Amino acid sequence: MEEPATRELEMSLSDGTSDDEMPLSLPAEGSGHSGSIRKGCDPFAQTQRSKLQHRRSRINQQINKEMRMRAGAENLFRATTNNKVKETVALELSFVNSNLQLLKEELEELNSNMEVYQTDSEAVNVPMIPLGLKETKEVDFTVCIQDFICEHYGEDSSLYDKEIKELMDLRQAMRTPSRNQAGLELLMEYYNQLYYLDQRFFPLHRTLGAHFHWYDSLTGVPSCQRTLAFEKGSVLFNLGALFTQIGARQDRSATVGIDRAVEAFQRAAGAFNYLKENFSNAPSLDMSCPSLCMLVRLMVAQVQECVFERVTLTTEDTHFTSQLHLAQEAARVSDVYLLVLQTMAQPLMKDYVPFSWASMVQVKSEHFRAISHYYAAVALCDHTLSAEEEEGDEEAEKAFLQFYVNVPAGPPHSQVLRDPEKRRKLGKAHLRRAVIRHEEAMRVHSLCKILRKMDILQDVLSLTHKRSLDKYSELDREDDFDETAEAPEIQSQTNQKPEITPTNFSTVQVTDIFQRLGPLSVFCARARWGPVRVICLQKGEGGLGLTLRGDSPVLVAGVVPGGCAAEAGLREGDYIVAVDGEDCKWAKHGEVVHMLKSCSERGVELSVVTLHSHDTQLERRAIALSHGSDKENTRQRVLGGAKGQSSASLLNWNRKKKREGGGTTKRLGSTFSLSFGSIRDPEAMY
């Protein structure tokens, strides 16, 4: 199956990336590694959320089966020339398409199940829209990683069975994260671990061989790719989805719960936005640019709703300007939900977004617009001017002057504020619009079967509608024969604009599971080196005749011509990986020197490897192939990032990004162009 092009992760030292984008603040590569302490939820636990996820998984598998049957039937229909066979296949296709439609409707109902993710509080709040996690199949890394270790690293792969199992256990746990901080950290841990996996086992322009199967979050359509970028993007998507679930479950009857919900939805928006900006040609629709744009706007709208709820809770007085402020905050919520609704109505999204989501967003837009007009009426009708508070009156006039989108025709604002009858009529006009908007929200709500099942939403809509009707009845008079004027449109405004909080990957520290393979500065999938050579050194009168530099691993920086080391076959640029059979890939400079000085009269046995420089490889291939074409030459690539340098962005998939700055790119594949950090490494003759 041909895979959609996916922009790969790349390391670039010249990219000006921030620490928030990298798995930095990680323990040193050579530090002890005891495995992950974070575990996923028990997949057999019978919670409401786990039952929902199990049903989603089952439907996803059934959809996958039906789609394979449909693909086979379509191929047969195109290939056959027998009319009778074509009729039979066409009938089978109609059955398969009917089954697929039923399964997708069932999955949509599950994806629209918002009540499972809501808070257990008895407070009456409008429900939030959470996002279900993307489902994935198990991945067996055993054979592909073992083969790569044998082929590329030249080591006994059976020695790394424990590390492979640990990686697979971590991925299995990541499939069922708990709905709290521990679940978020579990996803981040696996995501950060993918950085090391990419460096160790994914050479450029070649895949490891493992297939990553993920299902679309909303439709259940399966996608399969071998690129690690797809795995990373799917994990990041689930991180954002988990933030939405955490935000939806907060008790928003108190400011503490509202603040937590705001933070969760802002971080969800950050995850989706980061994915949108760094991932292209997504194989599944839920990670496409239009879908992610819609999700970001939805999260921002839910943050704005939480801001309004906080303002409502903290506004204790019934002063004129306070009520106007509440009306403008509610109008702002209505506006942002209207923007979300317009995004959902785009051609690609119209048939993709669940009907219940679009209905909920429309209900909220109408609901908060109605609330905006209600608070405007309260401000006008319950406020009385005091001649003793001239400064307050000036402030009220100024606020009222900026309250409407367009200045309404008629008497000036100051005259309206000082005339109780004019205030009453204008307030009544606002209440009329509030009642109309409430009724429209209830009408849209009644059209959606899934929303009708949500008692809490029905309660909220009924209570606010009744409140506006009661206020309207209070203002209505028997001798009111004048036709109620049309209330002007309220100018939306907020004192707290939502922020899109980027994901901080450095909050979770991880250690490379496969650190025993050696430091990444040398022992990575992008580097090529010759076979391990065993050098037997005998100390002569002039010493060993070599110069060492750096550590982890120690480099042979120079060899004295005619000396012991040169005669034994040691070359400048060799890396020492073992001394007398003792592994020293992670050894410091002083430790290796101590081993060499402690050697007996029989000498010392060094195991060394030589990295092949990029230029040397080109020369060898040019000689071997003469004037023949060599595709590999066009695929050579420089990997930035020598030892001591910081990593680049974890999600920088755009390989066409221009590198800025005049710094020279370090080549990992060259023994003669390696950087040894800003501080001069110890170098001495032995």
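**Labels and their cut-offs**

Mentor: Start with a search of the whole structure, which finds zero disulfides. This is a predicted model: local features need pLDDT of at least 70, side-chain atom pairs count only at pLDDT 80 or more, and totals for chains, interfaces and linings use all residues. Residues are numbered from 1 along each chain as its sequence is written, and side-chain values use heavy atoms, with hydrogens and water left out.

Trainee: What makes a pair of cysteine sulfur atoms a disulfide?

Mentor: The two sulfur atoms must lie within 2.5 Å.

Trainee: Why is Cys-150 called partly exposed?

Mentor: Buried means under 20% relative accessible area, exposed means over 50%, and partly exposed is in between (1.4 Å probe, protein chains only). Cys-150 has 40% relative accessibility, so Cys-150 counts as partly exposed. Cys-381 is at 22%, so Cys-381 is partly exposed too.

Trainee: And why does Lys-398 count as exposed?

Mentor: Its relative accessibility is 58%, so Lys-398 counts as exposed. Lys-398 lies in helix 12, residues 390–401. Helices (H or I, at least four residues) and strands (E, at least two) are DSSP runs, numbered from the N terminus. The C-alpha atoms of Lys-398 and Thr-321 are separated by 9.5 Å, with the two residues 77 apart along the chain.

Trainee: How do you know that Asp-286 forms a salt bridge with Lys-134?

Mentor: A salt bridge needs a side-chain nitrogen of Lys or Arg within 4 Å of a carboxyl oxygen of Asp or Glu. For Asp-286 and Lys-134, the closest N and O atoms are 2.8 Å apart. Asp-286 lies in the loop between helix 7 (255–278) and helix 8 (289–314), and Lys-134 in the loop between helix 2 (83–111) and helix 3 (142–153), so the pair ties together parts that are 152 residues apart in sequence. Both Asp-286 and Lys-134 are buried.

Trainee: What makes Lys-585 and Glu-155 a salt bridge?

Mentor: Their side chains meet at 2.5 Å, N to O. Lys-585 sits in the loop between strand 7 and helix 18 (589–597), and Glu-155 in the loop between helix 3 and helix 4 (161–174), so the pair ties together parts that are 430 residues apart in sequence. Lys-585 is at 7% relative accessibility, so Lys-585 counts as buried.

Trainee: How many salt bridges does the structure hold?

Mentor: It holds 26 salt bridges. One of them joins Asp-419 and Lys-422, with the closest N and O atoms 3.0 Å apart. Asp-419 is partly exposed at 22%, and Lys-422 is partly exposed at 29%. Elsewhere, salt bridges that share partners join Asp-335, Arg-369, Arg-432, Arg-433, Glu-486 and Glu-489 into one network.

Trainee: Which residues form a negative surface patch?

Mentor: Asp-580, Glu-582, Asp-583, Glu-591 and Glu-605 form it. Asp and Glu count as negative, while Lys and Arg count as positive; His and the chain ends are not counted. Patch residues have over 30% relative accessible area and no salt bridge, with like charges joined within 9 Å and nonpolar side chains (Val, Leu, Ile, Met, Phe, Trp, Tyr) within 5 Å.

Trainee: Why is Glu-582 called partly exposed?

Mentor: Its relative accessible area is 46%, so Glu-582 is partly exposed. Glu-582 is found in strand 7, residues 582–583. Asp-580, at 38%, is partly exposed as well. Asp-580 lies in the loop between strand 6 (574–579) and strand 7. Asp-580 has a positive phi of about 55 degrees, although it is not a glycine.

Trainee: What joins Ser-552 and Pro-553?

Mentor: A cis peptide bond joins them, and omega is about -5 degrees. Pro-553 is found in the loop between strand 4 (546–549) and strand 5 (554–559). Ser-552 lies in the loop between strand 4 and strand 5. Ser-552 has a positive phi of about 50 degrees and is not a glycine.

Trainee: Is Ser-552 buried or exposed?

Mentor: Its relative accessibility is 5%, so Ser-552 counts as buried.

Trainee: Where is Arg-467?

Mentor: Arg-467 lies in helix 16, residues 455–475. Its relative accessible area is 30%, so Arg-467 is partly exposed. The C-alpha atoms of Arg-467 and Tyr-374 are separated by 8.7 Å, with the residues 93 apart along the chain.

Conventions: Accessible areas come from the Shrake-Rupley method with a 1.4 Å probe; for residues, only the protein chains shown count as cover. The place of a charge is taken as NZ of Lys, CZ of Arg, CG of Asp or CD of Glu.
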